[in-house]
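Biologist: I have a model open on my screen and would like to understand the labels used for it. Could you take me through them?

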Amino acid sequence: MQARKFYDYNEHSRVGAKHGEFVTDEICDRFCVIGNVEQCRAKLQELEGIGVDQFNVYLMTHGQEETLQTYGDEILPQFQGVAA
């Protein structure tokens with residue numbers, strides 16, 4: 001893979017930013033909780049199984065309120081002892 005020679009923090013979360021070409025599917029799979037409700041639950045269960053007890057929800061996309069509501073209503077309640 002080509003080495004990244006730049007990073008513009010002004011474009012950090014912007015769709016179409018040039019540095020986005022360096023974020024592979026493997027990186028997303030390894031470091032992100034993304035997908036539909038079932039996929040997010042499964043990823044969080046996997047992480048919980050290896051001892052992860054915290055994660056952040058970054059609302060840097062369209063539908064921020066809907067995303068947060070979905071986590072609160074459909075994803076996080078499936079985990080015991082969650083302090084939201």
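Modeller: Gladly! Keep in mind that this is a predicted model.

Biologist: What makes V23 partly exposed?

Modeller: The relative accessible area of V23 is 44%. Buried means under 20% and exposed means over 50%, so V23, at 44%, counts as partly exposed. You will find V23 in the segment before α1, the helix of residues 25-31.

Biologist: And Y58, why is that residue called exposed?

Modeller: Y58 has a relative accessible area of 59%. The cut-off for exposed is over 50%, so Y58 qualifies as exposed. Y58 sits in the loop between α2 and α3. From V23, Y58 is 35 residues away in sequence and 16 Å away in space, C-alpha to C-alpha.

Biologist: Let me turn to H19. What makes H19 buried?

Modeller: For H19 the relative accessible area is 8%. Buried means under 20%, so H19 is buried. H19 belongs to the segment before α1. Setting aside neighbours within four places in sequence, H19 is in contact with F6, Y7, D8, E11 and H12.

Biologist: Now helix α2. How do you know that its span is close to the expected one?

Modeller: Helix α2 covers residues 37-49, which is 13 residues. From first C-alpha to last, α2 reaches 18 Å, and 18 Å is also what is expected at 1.5 Å a residue.

Biologist: Which residues of α2 are buried, and how do you know that they line one face of the helix?

Modeller: V37, C40, K43, L44 and L47 are the buried residues of α2. Looking down the axis of α2, these buried residues fall within an arc of 135°, so they line one face of the helix. E38, E46 and G49 are exposed on the other side of α2.

Biologist: What do the buried residues of α2 pack against?

Modeller: They pack against α1 and α3, the latter being residues 64-75.

Terms used: Residues are numbered from 1 along each chain as its sequence is written. This is a predicted model: local features need pLDDT of at least 70, side-chain atom pairs count only at pLDDT 80 or more; totals for chains, interfaces and linings use all residues. Side-chain values use heavy atoms; hydrogens and water are left out. Helices (H or I, at least four residues) and strands (E, at least two) are DSSP runs, numbered from the N terminus. Buried means under 20% relative accessible area, exposed over 50%, partly exposed in between (1.4 Å probe, protein chains only). The expected span of a helix is 1.5 Å times one less than its number of residues. The arc is that of the directions from the helix axis to the C-beta atoms. Contact means heavy atoms within 4.5 Å.
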